[in-house]
Amino acid sequence: MLHISRWCALLLTLGPAACSEFSPPVFVINLERSTSRLQRMAEQMDLAGLSWRRLQAVDGSNLSAAELKHLVEPAAVHMLPRGVIGCFLSHRRFWEKVQEEGHSCAVVLEDDVEVMPGFSSAVRDYLSELPPAWDVCLLGALGCAHPDGILAEGFLNPLMAVYLGGTRRCRKVSDRLFVPRKPGGTHAYAVSQRGASKLLRLLPKASFHVDLVAWHSALPLALYAVHPFIAFQDTTKPSTLVDGSSVGGVRSLHWLDMTQLMVGGGTRQSWAHVFAEPLLRVPGGLLITVGRHQLALGLGLAIGSALHVSSNGLVRLTGKLLLGLVGSFAIAIWAGVRWLVHLSLAAAAEAQRAMEHEHTRCSGTV
């Protein structure tokens, strides 16, 4: 009798990813300490008539040094807040659950999601329309995620897509399904058995924001999104990625209610949510959020430009130095972000080569 490894058996049985479950299981990711969020989700799920299961989220702040070494890329340990690491590992836990329990597909919701009326029936309808070989279907998303492309994605989203890189060609699959250009967010999506297996193999360790890595165009993932979205992240509430986060950490701006200002593109993402998103954690523990990054750039450019036009030579020199520092700061943050993404994609590419080699070996074994 020929011996075939468990992974070989999985590779050889991966075919069309049609969801055979009439009503796919729904998992809600929730931190143990976020009891109020769980209560809100329970009430919402009951009203929607949804059967669901709580999935214990990984609390990044409780990870030991040994766990960080085993589960997280070395650079990310020093450059990412623990909440971002915990979010990544929580979604890996969901993918593991789908694989271990043998679901043909499953849905995951984060505990700050608002589902639309008719969510359950809409999920079944959307999944039935997906091409056979699908891996992930976004039921809600942020960023560049509109079937009409760049003209409907708002002002900020296309700029962020260029900043982060990894866009794909937006195309419609049907009236209700499309391939998104540069989506963000992991607050509501469905994954097939094959998709979960791919993601686990391609992303073995936490490396950056899970959505910006997992949904990157460089990954060989059959990614789709629904239109209109049937789940939205409540972006008016502080994110658990950064405990106590506010408008980019600028707590003095209470007079500026940015929770009511939307980015656009049909995602219902508020500017407050954008500014509170963490980018990097620099040596010394200082957290660089989008808001702090933009505030530092704006103030630096304004002050530097004002000094640069002074008639005093020393003041002009100070202005030039300040402008140089601002430019260096912007480039350093961008380079750090792109470097972490690059490390993630390099690890995924290595895993993809290993998968292809294993598949070739398995095919020759049978």
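Tutor: Of the 366 residues of the protein, 52% count as buried, where buried means under 20% relative accessible area, exposed over 50%, and partly exposed in between, with a 1.4 Å probe and protein chains only. This is a predicted model, in which local features need pLDDT of at least 70, side-chain atom pairs count only at pLDDT 80 or more, and totals for chains, interfaces and linings use all residues. Residues are numbered from 1 along each chain as its sequence is written, and side-chain values use heavy atoms, with hydrogens and water left out.

The protein has 12 helices and 14 strands; helices (H or I, at least four residues) and strands (E, at least two) are DSSP runs, numbered from the N terminus. Among contacts between residues at least 6 apart in sequence, 77% join residues at least 24 apart, a contact being heavy atoms within 4.5 Å.

The sheet is open and mixed in its pairing, with 8 strands in the order E2-E1-E3-E10-E5-E11-E8-E7. Two strands pair if DSSP finds at least two bridges between them. E2 (52-56) and E7 (171-172) stand at the edges; each has a single partner strand, so one side of each is left without a neighbour in the sheet.

E1 (residues 26-30) pairs with E3 (residues 105-110) in the parallel sense over 4 bridges, and Phe27 has Val108 in E3 as its bridge partner. Two helices pack on the sheet. Helix H6 (residues 119-129) touches E3, E8 (177-179), E10 (188-192) and E11 (223-226), and its direction makes about 135 degrees with that of E3. Helix H8 (residues 193-202) touches E3, E5 (136-138) and E10, with its direction at about 95 degrees to that of E10. Axes here are lines fitted to C-alpha atoms, for helices over the stretch in contact, and angles run from 0 to 180 degrees between N-to-C directions.

E11 can be followed on both of its sides. E5 and E11 are parallel and joined by 3 bridges; Val136 has Leu223 in E11 as its bridge partner. E8 and E11 run antiparallel, joined by 2 bridges, and Phe178 stands opposite Ala225 in E11. Both faces of E11 are covered: Leu223 and Ala225 on one side, and Tyr224 and Val226 on the other, are all buried.

The peptide bond from His227 to Pro228 is cis, with omega near 0 degrees. Ala231 lies in E12 and is buried, with a relative accessible area of 0%. Leaving aside neighbours within four places in sequence, Ala231 is in contact with Val113, Glu114, Val115, Met116, Phe119, Leu139, Gly140, His187 and Ala188. Ala231 and Glu114 are 117 residues apart along the chain, yet their C-alpha atoms are separated by 5.6 Å.
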